[in-house]
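Open the structure in your viewer and keep the selection tool at hand. This tour goes stop by stop.

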Amino acid sequence: MGILETELAELRQCVPNVIADSTVEACVPAMVRVNIERTKYKQMVACFQFGPDYPNSRALIELKSRHISDKLLDGLTKLCEEEADKYLGKPQVLNVLRFVRTFIDENPLCCCSDEISTIKRKLIAGSDELKLKQRSSSVVLKVIQGVYFIRYNIVVPENYPDKQVSLEEKGCNFPALFKRWFLAQANEIARQCVVPPAKKRPKDPPFVLKPSLEPVISFLISEVRKYVDMECKFCKQNALPLDPKEVVSDESSPYHVERVYCGHVYHNKCLDTYIRTPPFQEGKKCHTCGLRIYHDKWKLTPETAEARWAHKQAKQRELDEVVDFLT
Ligand SMILES: [Zn+2]
Ligand SMILES: [Zn+2]
């Protein structure tokens with residue numbers, strides 16, 4: 001038996017035992033093809049072809065994957081070739097397969113390599129940061145806009161994308177209300193990527209599970225960009241203080257920043273004056289986008305608002321009369 005035949009016979013026997021989660025799909029002199037599938041997305045097929053002077057020359061190696069990005073596969077193929085070169089003159093395939101399997105284990109973020117390159121290319125800008133932590137299968141996202149920032153640790157679970165990413169806030173100098181909103185809404189977006197809606201409307205397309213990392217990061221980045229310079233349309237000042245040290249978290253403070261239903265922001269005092277001042281009948285509209293204002297703090301019906309306004313005006317008249325009398 002030739003050197004190659006001996007290697008092939010050995011591979012057929014030992015690959016399934018030595019390389020975890022592997023299937024030998026072909027193992028003949030023309031080609032060896034092995035599928036390694038730790039999870040649906042942590043999957044690669046390694047193909048080997050052999051020249052006439054193998055093993056004195058390197059086997060031709062090709063890597064394929066349903067979900068891992070081509071860029072990553074190209075880089076990894078080069079590393080596999082370097083690995084094979086270490087074994088020139090000897091059997092190479094099993095060593096390369098071991099190398100591929102170790103790579104998948106030590107780089108769990110390979111399952112979202114496509115998303116990560118899109119995020120870096122399209123979303124990360126200026127002094128923002130996206131750091132990959134392979135050991136803990138997580139990314140650290142820092143978004144900076146002017147003097148405001150958020151920092152999140154986002155964990156990519158083992159059976160991603162079937163299970164959604166989980167988030168942990170690691171720093172944020174926005175007011176408490178924004179911190180809560182960012183985290184709650186990011187979690188909700190992640191959940192909606194993997195859980196079908198509870199109530200399906202007849203015209204909705206069938207639910208398709210999708211990876212949650214990019215939608216979550218895209219949301220966080222756009223929120224930070226949006227709110228830092230947003231103006232309170234009543235007083236024409238920046239809604240958030242220009243110095244984050246002046247951020248108020250006391251909800252009764254006049255400068256507490258209120259986020260109304262449509263997502264626009266106003267100072268507590270500005271919104272309060274507007275909501276308590278006529279006209280009431282049309283309902284109160286957002287000064288920025290024209291949508292009806294809904295806010296937990298102000299649940300006045302137009303009738304109550306009208307009555308309160310009238311009462312306040314009457315009081316003021318009485319007071320004015322007293323003042324007139326005294327002067
Ligand atoms: Zn204002
Ligand atoms: Zn609005």
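Two strands count as paired if DSSP finds at least two bridges between them. Keep that in mind for the first stop. Note too that this is a predicted model.

**Stop 1: a sheet**

Select β1, β2, β3 and β4. These four strands form an open sheet in the order β1-β2-β3-β4, with antiparallel pairing. At the edges are β1 (22–28) and β4, and each pairs on one side only. From one strand to the next, the twist averages 15°.

Now zoom in on residues 31–37 and 43–49. These are β2 and β3, which run antiparallel and are joined by six bridges. Which residue of β3 does N35 stand opposite? Look for V45.

**Stop 2: helices on this sheet**

**Stop 3: a UniProt feature**

Select residues 6–107. An unreviewed UniProt entry places the feature "domain: RWD" here. Over this stretch the chain is 42% helix and 25% strand. Its end C-alpha atoms are 32 Å apart.

**Stop 4: helix α2**

Select residues 70–85. Helix α2 has 16 residues and reaches 22 Å from its first C-alpha to its last, close to the 22 Å expected at 1.5 Å a residue. Which residues of α2 are buried? Show L72, L76, C80 and A84. Look down the axis of α2: its buried residues fall within an arc of 110°, so they line one face of the helix. An α-helix has 3.6 residues a turn, so residues three or four places apart point the same way.

Now turn to the other side of α2. There K71, D74, K78, E82 and D85 are exposed. What do the buried residues of α2 pack against? Show β4 (60–64), α3 (93–106) and α4 (113–122).

**Stop 5: another sheet**

Select β5, β6, β7 and β8. These four strands form an open sheet in the order β5-β6-β7-β8, and the pairing is antiparallel. Here β5 (129–133) and β8 (166–172) stand at the edges, each with a single partner strand, so one side of each is left without a neighbour in the sheet. The twist averages 15° from one strand to the next.

Zoom in on residues 138–145 and 148–155. Strands β6 and β7 pair in the antiparallel sense over eight bridges. Pick out Q145: its bridge partner in β7 is Y148.

**Stop 6: helix α5**

Finish with residues 176–194. Helix α5 has 19 residues, which should span 27 Å at 1.5 Å a residue; its end C-alpha atoms are 28 Å apart, which agrees. Show F178, F182, A186 and A190, which are buried. Look down the axis of α5: its buried residues fall within an arc of 95°, so they line one face of the helix.

Methods
Residues are numbered from 1 along each chain as its sequence is written. Chains are lettered from A and ligands numbered from 1 in the order in which they are written. This is a predicted model: local features need pLDDT of at least 70, side-chain atom pairs count only at pLDDT 80 or more; totals for chains, interfaces and linings use all residues. Helices (H or I, at least four residues) and strands (E, at least two) are DSSP runs, numbered from the N terminus. Axes are lines fitted to C-alpha atoms, for helices over the stretch in contact, and angles run from 0 to 180 degrees between N-to-C directions. UniProt positions are given in the numbering used here, feature names are shortened, and annotations may be inferred rather than shown by experiment. The expected span of a helix is 1.5 Å times one less than its number of residues. A residue is buried if 20 or more other C-beta atoms lie within 10 Å of its own, exposed if 12 or fewer, and partly exposed in between; C-beta atoms are placed from the backbone. The arc is that of the directions from the helix axis to the C-beta atoms. Two residues are in contact if their C-beta atoms, placed from the backbone, lie within 7 Å.
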